[in-house]
Amino acid sequence: MTDSSQELPEQAERLNDLAVGELANGRPAAALRILKRALALNPGLTAAYLNLGMALADLGRADEAERAYWDALRIDSAHPAAHHRLGELLRHRGELEDARRSFASALAANPSLNESRLGLGDVLVELGELQAAASCYREAIARGATAAAEGRLGNALWRLGDVTGAREAFERVIAGGSSSPEAHYNLGSVRFELGEFADAVASAREALRLNPGFTEATTLCAAGLVAMQGIEAAEPLPAALGGSPAQRHLTVAIRLMSSRWFDPARQCLQRVLEEEPDAVMARHLLAALSGSNPEHPVDGYVRQVFDASAATFDRELVAKLGYAIPREMVEALRAVESTEDNPWDVLDLGCGTGLVGMAIAPYSRRLVGVDLAPNMIERAGARHLYTDLYCAELMTALAQEGAREVFYDIVTAADVFIYVGKLDAVIPAVRRVLRPGGLFALSAEAVEVVTGAGPEDYRL
């Protein structure tokens with residue numbers, strides 16, 4: 001006669017092992033069915049809850065996956081893998097502070113868990129805490145992390161402005177035998193910023209050898225040739241850049257501007273205007289680079305920029321650049337104005353895809369968004385955060401709200417005024433739509449003071 005009290009847990013463990021195989025073979029639905037049987041036999045099997053969470057996450061059932069990980073932690077509150085997987089799930093959902101705590105708990109339970117150290121570093125990058133992220137990556141490398149950790153360190157240092165340190169990290173990735181086209185592209189990019197144009201072109205060409213369709217590497221290669229030898233060196237620009245010859249020159253000009261190589265960028269922009277005299281973006285950028293400092297952008301420039309970038313805006317700004325202005329802006333507002341008893345009426349100028357809306361909606365009674373790019377308005381509407389959304393130019397929207405005597409507790413403008421220029425008319429217009437005691441939260445960019453230049457009230 002067998003001891004059924006021992007047989008059932010053993011059977012549950014065999015079922016869990018079977019489910020692991022199903023997960024490894026990409027069959028989460030089958031794994032889910034098996035894991036439910038395992039847990040019916042042994043409700044205390046921590047590993048089964050972990051695998052259940054993975055299966056549910058793979059099936060897109062994030063809330064249920066989170067409950068599975070918490071079930072594992074109720075059995076073993078210090079289980080490092082449960083904390084780690086919970087951290088991954090929370091980070092994927094954008095709950096960064098909770099993800100930070102989960103990764104930290106995993107490391108407290110098991111300090112050698114480099115996977116969690118890298119996860120914590122990635123969360124810190126997204127929170128904008130780049131020095132702390134770099135420390136995480138360095139410790140992971142010291143503990144034997146793979147070359148991918150060097151790449152992450154390089155990206156963090158690059159964003160911190162330590163371009164030389166970033167180059168050294170990317171060089172270590174390549175020295176480790178990496179065949180990643182992205183690794184060669186990253187090395188080429190920092191070499192380009194340092195003015196090492198020949199080496200930058202060589203890195204870009206290696207990235208293209210590994211991935212011939214790597215458009216960004218094609219752009220880097222062309223920009224490096226223009227910076228090194230002049231615009232004729234990159235003629236004709238590769239068809240891989242897409243669009244007309246004028247559009248290709250514009251792409252290369254923007255790449256040069258992003259690394260502050262303004263003289264060769266001007267050459268490219270002048271060539272754009274020779275080919276397409278009415279090119280809105282090239283006219284605006286050339287005016288900015290020439291120091292003419294117009295009172296407002298070239299008509300149509302801002303709408304064109306943001307309509308074109310709407311689809312990739314969040315990914316580029318938040319995921320890649322760690323954009324944190326909306327969160328910081330709302331934190332600053334809440335530090336001086338409580339919303340516990342009186343939620344705000346908010347006007348979000350230049351709302352874009354709704355990043356400020358995401359941060360401020362929990363504290364708002366009414367949330368109105370304004371943007372002049374229709375594609376941005378469409379994406380903001382898809383978030384279902386705003387009471388109303390208007391596609392309009394900033395001053396037009398303010399005038400309409402003022403004429404209707406619609407008033408707000410808060411007006412926000414996150415990274416809007418870098419596209420406006422002279423603000424003499426804007427500030428009084430904002431004041432007219434604020435209630436007494438209302439607050440106006442805005443961001444602006446610092447500009448370099450040019451020695452010998454005359455005084456400037458603004459710079460576009």
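Let's start where helices H15 and H16 meet: from H15, Phe-262, Ala-265, Arg-266, Leu-269, Gln-270, Val-272 and Leu-273 touch Ala-282, Arg-283, Leu-285, Leu-286 and Leu-289 of H16. By contact I mean heavy atoms within 4.5 Å. Helices (H or I, at least four residues) and strands (E, at least two) are DSSP runs, numbered from the N terminus. H15 covers residues 262–275 and H16 covers residues 280–290, and their axes come within 9 Å and cross at roughly 145°. Those axes are lines fitted to C-alpha atoms over the stretch in contact, with angles running from 0 to 180 degrees between N-to-C directions. The crossing is left-handed, that is, the near helix is turned anticlockwise from the far one by less than a right angle.

A word on what we are looking at. This is a predicted model, where local features need pLDDT of at least 70 and side-chain atom pairs count only at pLDDT 80 or more, while totals for chains, interfaces and linings use all residues. Residues are numbered from 1 along each chain as its sequence is written, and side-chain values use heavy atoms, with hydrogens and water left out.

Now the whole chain. It has 23 helices and five strands. Of its 460 residues, 46% count as buried; buried means under 20% relative accessible area, exposed over 50%, and partly exposed in between, with a 1.4 Å probe and protein chains only. Among contacts with a separation of 6 or more, 53% are between residues 24 or more positions apart.

So what sits inside? In general, nonpolar side chains tend to be buried together in soluble globular proteins. Here, the largest nonpolar core has 52 residues, and Leu-52 and Tyr-137 touch the most other members. A core of this kind is a set of buried Ala, Val, Leu, Ile, Met, Phe, Trp, Tyr and Cys residues joined through side-chain atoms within 4.5 Å. Which residues does Tyr-137 contact, leaving aside neighbours within four places in sequence? They are Leu-118, Gly-121, Asp-122, Val-125, Ala-149, Arg-152, Leu-153 and Ala-156. Apart from that core lies another, of 35 residues, including Phe-197, Val-201, Leu-273 and Leu-289.

On to charges. The structure holds 27 salt bridges, each a side-chain nitrogen of Lys or Arg within 4 Å of a carboxyl oxygen of Asp or Glu. In one of them, Arg-91 pairs with Glu-126, with the closest N and O atoms 2.6 Å apart. Arg-91 lies in helix H5 (residues 80–92) and Glu-126 in helix H7 (residues 114–126), so this pair ties together parts that are 35 residues apart in sequence. Arg-91 is partly exposed at 32%, whereas Glu-126 is buried at 19%.

Glu-206 and Arg-209 make another bridge, at 2.7 Å between the closest N and O atoms. These two are three residues apart in helix H12 (residues 197–210), about one helical turn. Arg-209 is exposed, at 56%. There is also a network of salt bridges linking Asp-345, Arg-365, Arg-366, Asp-409 and Arg-435.

Finally, the backbone. Most residues other than glycine have a negative phi. Glu-405, however, has a positive phi near 55°; this residue is in the loop between helix H22 (394–403) and strand E4 (408–413), and is exposed at 59%. Asp-415 also has a positive phi, near 55°, and sits in the loop between E4 and helix H23 (426–432). Asp-415 is partly exposed, at 25%.
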